[in-house]
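Good morning, and thank you for coming. Please look at the sequence and the structure on the screen while I speak.

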Amino acid sequence: MTPPVIVLWRDAWGSDVDVDISNLEHEPVETETLGWLLRSDYIGVTLAMDGYTAADMADSYRNTAFIPRGMIKRIIHLQRDSDGYEKTDQNTFTEFIKST
């Protein structure tokens, strides 16, 4: 399986209720998404929320999500140890651009 990550990002949102312009919400929502990192490049990241462990389904995933790179604040890479998962690396958008 690919490594699990936590992506910290700023999500766009919408509302279907009437809005009073005097108290209009006008900023993205801070979001954390946990999943298996399937792809990461300058366009964005694709995560899967479910990964199969059966030998005949190796490298098969479902419930994917794409997050555009410009919305990402940080990616925290997780590594399994004897007690579960721990943080091993953090990449900001600026660090990613410098590395490409």
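Let me begin with a question: is Ile21 buried or exposed? Ile21 is exposed, with a relative accessible area of 74%. Here, buried means under 20% relative accessible area, exposed means over 50%, and partly exposed lies in between, with a 1.4 Å probe and protein chains only.

Some notes on the source come next. This is a predicted model, in which local features need pLDDT of at least 70 and side-chain atom pairs count only at pLDDT 80 or more, while totals for chains, interfaces and linings use all residues. Residues are numbered from 1 along each chain as its sequence is written, and side-chain values use heavy atoms, with hydrogens and water left out.

The pLDDT is the predictor's confidence in each residue, from 0 to 100. The protein averages 83 on this scale, and 79% of the residues score at least 70. Confidence is highest in β4, at 94, and lowest in helix α1 (residues 93-99), at a mean of 53.

I turn to the overall layout. The protein has one helix and six strands, and along the sequence they follow the pattern β-β-β-β-β-β-α. Helices (H or I, at least four residues) and strands (E, at least two) are DSSP runs, numbered from the N terminus. Of the 100 residues in the protein, 22% are buried.

What makes up the largest nonpolar core? Its nine residues are Val5, Val7, Trp9, Leu37, Val45, Leu47, Ile67, Ile72 and Ile75. The elements giving two or more residues to this core are β1 (4-11), β3 (44-51) and β5 (72-81), and β1 gives the most, with three. A nonpolar core is a set of buried Ala, Val, Leu, Ile, Met, Phe, Trp, Tyr and Cys residues joined through side-chain atoms within 4.5 Å. In soluble globular proteins, nonpolar side chains tend to be buried together.

We return to Ile21, which is found in the loop between β1 and β2 (29-40). Together with Val19 and Leu24, Ile21 makes a nonpolar surface patch of about 330 Å². Such patches are made of residues with over 30% relative accessible area and no salt bridge; like charges are joined within 9 Å, and nonpolar side chains (Val, Leu, Ile, Met, Phe, Trp, Tyr) within 5 Å. Accessible areas come from the Shrake-Rupley method with a 1.4 Å probe, and for residues only the protein chains shown count as cover.

Finally, how many salt bridges does the structure hold? The structure holds four, a salt bridge being a side-chain nitrogen of Lys or Arg within 4 Å of a carboxyl oxygen of Asp or Glu. One of them joins Arg10 to Glu30, with the closest N and O atoms 2.4 Å apart. Arg10 lies in strand β1 and Glu30 in strand β2, so this pair ties together parts that are 20 residues apart in sequence. Glu30 also meets Lys73 in a salt bridge (3.0 Å, N to O). This second pair links strand β2 with strand β5, where Lys73 lies, 43 residues apart. Through shared partners, Arg10, Glu30 and Lys73 are joined into one network.
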